[in-house]
Amino acid sequence: MAAAGRAVRARDRTGRSRTRRNITLTTYSKRRGRRSLAAILAAMLIASVLAVVAGSPAQAANTASEVLVDDAREFAGQDRYDTALRLAKNFATNKGGLGAVPAVFIASGETLVDSISVAGFAGYADAPILLTPTGSLHGGVADFIEDYDVKTVYVLGGSAAVGDATLGAIEGLLSKPTVTRIAGADRYGTAAAVAGMIEAESSWCGTDAVSAVLINGSSDALPFGVAVQTTAYRLQLPVLMTLADELPDATADYIDKNDVEHVQIIGGTDTVSAGVASALTTLGVDTVARVDGDSAAAVSVELAKLAGNGCGDDLAPVSTNRVVLVRGNPDGVAAAPVLASTLANGDLVTPLIVGDTLPASVRDYLAATPQVVGGSKLALGIVAIGGTAAVSADVMAAAIDAAASSGSLSVGIGATTDTNRDNKINADDPVRPGTAFSLYFSDDVAGTDAELLAKVRDIVEVNGAVAQVATATTATITGVCTPRRVDVTLSKALTNGDTLSAASSVHTFGTQSDQRRLAPVTPEKVVAAPADTTRPKVTIIGIANETAFQIRIADAGGLDSGAEITADELTFTSGKGTATLGAVTHTAGETTATVAVTRAADAGGNATADTLVVGDRLTIKSGALADTSENVNASTTGRAIAEPKSPRITSVLLSNPLYSAQNVWTVPDSVGATGDNAITITAKASGDAAGAAGNAWSVVFDTPSTYSAEKASDIDVRVDTKGKTVTVRFVNGPATVGSLLAALKANSAFDERFSAGTGCDAVATTALTPSNAADDRDAAASATGAGRTQFAIEVRFGAYIATHVDDELLADIFARTLARNRNNEDADTQSELIALLGTDAGTGTLVGTAPSKTVRYEMETASVAYMPMDRDRVLTLAGAEAATDADANKAGDQARALVAHVATGYAPDDPNEPADESKNGKSDLRISQTSSIKARN
């Protein structure tokens with residue numbers, strides 16, 4: 001199928017819809033040979049691309065900056081294979097994760113020519129592109145196929161590119177993907193074979209003709225092919241190869257057999273000659289056009305202009321605030337799926353080819369970017385594919401300098417508290433009525449509170465008028481050392497519907513090295529908290545032989561103070577006697593109340609007990625109580641039920657884990673990072689090192705005996721997920737705090753699980769002192785062991801219970817957990833296992849007050865080994881009569897119902913003793929994990 005959301009035009013020569021597979025030589029028309037010379041000459045002149053126009057820096061984007069993730073490049077892999085993996089993971093994650101990537105393409109990372117022709121087919125299949133060594137399957141590629149459950153793998157090129165052993169390794173993966181090798185007799189044949197896999201016809205932008213892209217297939221011309229990859233992916237166009245001065249047979253055969261009507265040549269005549277263009281016309285191609293340029297960089301600029309030169313509809317949506325810098329092959333090929341579909345929420349992002357320096361054509365293109373887009377000043381984000389070895393810091397700095405006409409800071413306006421309840425405090429929190437709000441800046445702000453107050457008074461507006469600002473103070477954002485937030489209080493309170501904005505001014509807010517003006521802010525509307533329209537919830541519980549009904553009232557906003565439920569608002573009906581009802585008072589926020597029932601003598605003069613009988617009913621009238629928002633209750637009736645006997649467990653529900661605290665490691669002193677430069681590594685709150693799982697991981701630093709400080713810097717980071725170990729080896733060369741942090745960040749396996757940082761006053765250039773002394777080898781980072789995972793268990797009974805016995809109930813719930821840990825000497829008994837879960841872990845509470853049907857446990861563990869699992873079996877024995885029973889070791893006194901007598905006829909644990917029906921009955925079920933149960937309420 002074609003990629004979702006992409007319209008692929010497919011038609012035959014007469015305009016009727018068809019698929020390519022229906023074309024045969026017998027139906028192919030040779031009418032092209034009868035075209036007039038004038039028609040041929042006219043066809044060759046269409047679809048020319050405009051030449052590069054140098055821009056003026058005054059017209060450049062308002063601001064420009066490198067797009068980083070956690071202060072590092074998202075696609076800066078350790079090598080080409082790691083970079084391709086990072087790109088593929090971005091693609092997979094944004095497509096939906098597991099199951100959303102049905103196919104992948106694998107090309108050789110050594111013989112790069114075969115990958116250059118795959119972009120169109122990859123776009124058709126909506127699939128990413130990965131690289132592997134010729135002779136072996138890259139471990140990260142194997143993991144990607146397994147992790148994302150990829151069903152189809154296309155291997156590009158013959159066995160000289162991707163060896164048969166590598167292909168066999170793919171077929172041998174546990175997920176058993178279907179593997180298809182696509183190869184021709186040579187690179188030109190492979191390109192034609194790949195093109196033949198596209199089962200629908202697409203057109204070059206601005207035409208309505210069956211189209212193909214033609215690139216020079218020689219190794220030194222491959223950057224021209226890299227430039228067109230993203231466009232080919234988006235348009236799902238076949239990418240064919242040619243020699244500079246001769247059209248290969250395989251390419252000509254494909255064009256002939258597939259009735260190609262338009263060919264778009266990539267590069268100038270030095271790359272693909274005019275003779276090749278003439279050969280295409282002689283072959284019968286209707287139109288031949290060229291994306292001209294004397295360099296790959298110049299061609300990439302021309303391709304970047306296509307959206308504004310008549311190709312906007314075909315390429316749409318196209319990002320207006322992102323560009324990408326790429327060195328060339330192989331990064332540019334692997335990047336195409338991401339740039340065409342997932343980097344900017346589905347918008348196509350322009351790739352620009354760079355080298356050791358920023359090419360003049362790219363510089364001029366960036367300098368000509370618009371300052372305003374859609375009425376808003378453009379803040380251009382520049383993304384680098386690869387690390388600094390691919391796109392150097394100097395090249396990036398030159399690009400930023402060329403692209404920016406000013407250096408404005410952006411700012412968002414939000415509440416000072418978490419008003420949207422997403423557990424974050426930022427500009428996404430709606431401002432509520434009142435006097436307080438916050439300005440959230442995109443970068444550091446500087447100055448004393450007095451200086452900031454003067455500036456804020458100049459820029460903050462309410463409803464378009466200058467605001468009366470009382471105070472303005474800086475505050476820090478979690479995880480950021482320097483202040484990027486200013487808390488503001490107004491002299492006059494904001495009301496619902498007011499608008500807040502920040503006007504542009506001459507003031508600068510950045511630090512000394514970043515004195516940038518403030519970009520205008522879109523007005524933020526003040527929104528009152530959602531109104532409480534929920535009635536107080538009333539539940540009436542009555543159980544025979546109890547002395548009273550319970551009226552339970554629940555209201556999140558609290559009940560109105562001073563309210564009273566009077567006797568007139570309660571109705572009691574019974575077949576036995578009457579009842580005297582007293583008024584029930586409650587205070588603001590109260591959620592429960594009990595109504596006492598007193599019986600009078602019956603008709604025979606016999607006094608009756610003041611207990612309920614089955615069938616008694618109590619009704620509370622509508623409007624008897626109100627909450628603080630003046631919502632009133634609905635009429636509710638409760639009926640007394642029979643005493644529950646031998647209540648059985650109906651379900652044991654387990655919450656999803658909550659990773660409440662993370663393990664932290666400190667790099668050993670022998671590495672030389674101390675004081676503010678001390679490096680700490682923290683597990684991220686997701687993945688297989690989160691929470692308690694992180695306590696099982698170790699981080700080891702090593703310097704080999706062959707280490708030489710005189711050689712180039714080389715820090716090798718390895719992550720062993722099976723052994724739960726991170727190994728950092730200083731292979732050679734000088735190392736600094738910054739280079740170590742960069743090496744850790746660059747390893748995708750590390751970056752998925754951990755973050756590394758220093759104190760706020762650390763200096764990145766501080767030298768480290770790796771040592772290969774015997775005592776310093778395999779030096780382990782010290783760990784806090786602070787990782788914790790919280791979870792909750794709710795045990796639900798089929799009848800009301802009054803009490804529960806935690807030891808017995810948890811013993812049954814954790815029986816399978818204990819069995820899994822029999823070899824763990826720290827948890828050889830059930831009581832020790834429960835103790836390992838943490839303080840008060842074994843204390844459960846009834847949900848609500850007694851009687852209740854649910855017991856809830858909130859637990860925290862330092863080891864995931866001590867957590868119950870979904871589908872663990874829970875076998876609950878029937879409660880024995882007394883703890884002294886001969887079979888007391890089986891006694892399952894987990895819960896006690898609201899009965900006081902012992903009934904006979906129920907099968908007891910001890911056949912010689914009757915069961916106590918005030919205790920729970922026998923149950924056999926399994927734990928169910930559900931997102932409806934929260935680890936913390």
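A salt bridge is a side-chain nitrogen of Lys or Arg within 4 Å of a carboxyl oxygen of Asp or Glu. Arg856 and Glu858 meet this description, with their side chains 3.0 Å apart, N to O. The structure is a predicted model, and every value below is computed from it.

## Salt bridges

Across the whole structure, a search finds 23 salt bridges. Three of them are listed here.

| Salt bridge | N to O distance |
|---|---|
| Arg73 and Glu66 | 2.6 Å |
| Arg753 and Asp688 | 2.7 Å |
| Arg856 and Glu858 | 3.0 Å |

How accessible are the partners in these pairs? Glu66 has a relative accessible area of 22% and is partly exposed.

The pair of Arg753 and Asp688 links distant parts of the chain, 65 residues apart. Arg753 lies in helix α17, which covers residues 748-753. Asp688 sits in the loop between β35 (680-683) and β36 (698-702). Arg753 is buried, with a relative accessible area of 12%, whereas Asp688 is partly exposed at 33% relative accessibility.

Glu858, with a relative accessible area of 31%, is partly exposed.

Salt bridges can also join into a network. Asp70, Lys684, Lys745 and Asp751 are linked in this way.

## The disulfide

A disulfide is a covalent bond between the sulfur atoms of two cysteines. How many disulfides does the model hold? The count comes to one. This disulfide joins Cys205 to Cys311, with an S to S distance of 2.3 Å. The pair qualifies because the two sulfur atoms lie within 2.5 Å. The link of Cys205 and Cys311 is left-handed, with -115° about the S-S bond.

Are Cys205 and Cys311 buried or exposed? Cys205 has a relative accessible area of 7%, so it counts as buried under the 20% limit. Cys311 is buried as well, with a relative accessible area of 1%.

## A patch of negative charge

Which residues gather in a patch of negative charge on the surface? The patch is made of Asp245, Glu246, Asp249 and Asp253. Asp253 has its place in helix α8, residues 249-257. At 40% relative accessibility, Asp253 is partly exposed, because this value falls between the 20% and 50% limits.

Gly386 is found in the loop between β14 (379-384) and α14 (393-403). Is Gly386 buried or exposed? With a relative accessible area of 1%, Gly386 is buried. Gly386 and Ala84 are 302 residues apart along the chain. The C-alpha atoms of Gly386 and Ala84 are separated by 9.0 Å.

Conventions: Residues are numbered from 1 along each chain as its sequence is written. This is a predicted model: local features need pLDDT of at least 70, side-chain atom pairs count only at pLDDT 80 or more; totals for chains, interfaces and linings use all residues. Side-chain values use heavy atoms; hydrogens and water are left out. Buried means under 20% relative accessible area, exposed over 50%, partly exposed in between (1.4 Å probe, protein chains only). Patches are made of residues with over 30% relative accessible area and no salt bridge: like charges are joined within 9 Å, nonpolar side chains (Val, Leu, Ile, Met, Phe, Trp, Tyr) within 5 Å. Accessible areas come from the Shrake-Rupley method with a 1.4 Å probe; for residues, only the protein chains shown count as cover. Lys and Arg count as positive and Asp and Glu as negative; His and the chain ends are not counted. The place of a charge is taken as NZ of Lys, CZ of Arg, CG of Asp or CD of Glu. Helices (H or I, at least four residues) and strands (E, at least two) are DSSP runs, numbered from the N terminus.
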